[in-house]
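Here's a quick walk through the salt bridges of this structure, with a look at one helix pair at the end. Have the viewer open as you read.

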Amino acid sequence: MQLKLITHHLQLYRQYLESSRAGERMYIWASQRTFQENWDLEASNLAAMYDASLQNAHSRRLWNRESYEPKRIMMAFMEMEPGYVRDIFSDLFNEKKEVDGRADRFLFYCDELLELYKERHPNTRENSHYHNDDYQMVSLYLAFRYPAQYTLYDAAGFRHLLKILGSTDIPAANDIARFVKVMRTLYGFMVKDEALMAAHRARLKEQEHYMGDSLLLCYDFCEFCKKG
């Protein structure tokens, strides 16, 4: 990535943050706050806790839209095998292990749970757990659990970002480890821009949004660069 291009596009993004359009994706910070307030792997009713953690009064598109229902199927897994699901989330959130290994294991375990679910419900039409979607839900869990370390993954948006920032090495396949490194580097540039950070913080409502350091700002920047 080229420093001059990073600087240029961050300037454009700062102008966006100061415009009337700046609030169009604020629901993601609201969802992050809800997750932070409700997530507890030790809860006696895991499915109810998970349900409470993924709620939003304005938009549920992160986990529920047409032909995309990862929340529903994960709740079914939790009701079927709560102990096993606790274990796979514990592994996903274990920061002592490499993120790509954790992400891939999580998807493998979801595959196993889906097969078990189909065995126990032979008449079901379920053929997907909706988590093998370019790491979208895996990154959501990580971003909501560790706001200062991870952000939402959009494969097309990430590739587009690398192109406009002058990278000559565009991944042909998903590379979540590289994505995490790039987003942390990008956030480092963002926090040094006081005007940009002030414009972002002006959007946040203390009783509605997550107020701490959050790499969701990088996702918002990627979406801005992708859509203009």
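## Salt bridges and a helix pair

In this predicted model, Glu95 is partly exposed, with a relative accessible area of 37%. Its salt-bridge partner is Arg102, and the N and O atoms of the two side chains sit 2.8 Å apart.

| Salt bridge | N to O distance | Relative accessible area |
|---|---|---|
| Lys71 and Asp51 | 2.7 Å | Lys71 11%, Asp51 26% |
| Arg14 and Asp193 | 3.7 Å | Arg14 25%, Asp193 16% |

Start with Lys71 and Asp51, whose side chains meet at 2.7 Å, N to O. Lys71 belongs to helix H4 (residues 70-80) and Asp51 to helix H3, so this pair links distant parts of the chain, 20 residues apart. Lys71 is the buried one, with a relative accessible area of 11%, while Asp51 is partly exposed at 26%.

Now for Arg14 and Asp193: which parts of the chain does this pair tie together? Arg14 lies in helix H1 (residues 3-17), and Asp193 sits in the loop between helix H9 (176-191) and helix H10 (194-201), so the bridge ties together parts that are 179 residues apart in sequence. The closest N and O atoms of this salt bridge are 3.7 Å apart. Arg14 is partly exposed, with a relative accessible area of 25%. Asp193 counts as buried because its relative accessibility is 16%, and the cut-off is under 20%.

Salt bridges also join up into a network here, made of Arg21, Glu24, Arg25, Arg203 and Asp220.

On to the helix pair. How do H2 and H3 run relative to each other, roughly parallel or roughly antiparallel? Helix H2 (residues 27-38) packs against helix H3 (residues 46-53) at an angle of about 150 degrees, and their axes are 8 Å apart. Angles over 145 degrees count as roughly antiparallel, so that is the label H2 and H3 get. On the H2 side, the contact is made by Ser31, Thr34, Phe35 and Asn38, and on the H3 side by Met49, Ala52 and Ser53. By type, the residues of this contact come out as three nonpolar and four polar, with no charged ones.

Notes: Residues are numbered from 1 along each chain as its sequence is written. This is a predicted model: local features need pLDDT of at least 70, side-chain atom pairs count only at pLDDT 80 or more; totals for chains, interfaces and linings use all residues. Side-chain values use heavy atoms; hydrogens and water are left out. Axes are lines fitted to C-alpha atoms, for helices over the stretch in contact, and angles run from 0 to 180 degrees between N-to-C directions. Helices (H or I, at least four residues) and strands (E, at least two) are DSSP runs, numbered from the N terminus. Angles under 35 degrees count as roughly parallel, over 145 as roughly antiparallel, 65 to 115 as roughly perpendicular and the rest as oblique. Contact means heavy atoms within 4.5 Å. Ala, Val, Leu, Ile, Met, Phe, Trp, Tyr, Cys and Pro count as nonpolar, Asp, Glu, Lys and Arg as charged, and the others, Gly among them, as polar. A salt bridge is a side-chain nitrogen of Lys or Arg within 4 Å of a carboxyl oxygen of Asp or Glu. Buried means under 20% relative accessible area, exposed over 50%, partly exposed in between (1.4 Å probe, protein chains only).
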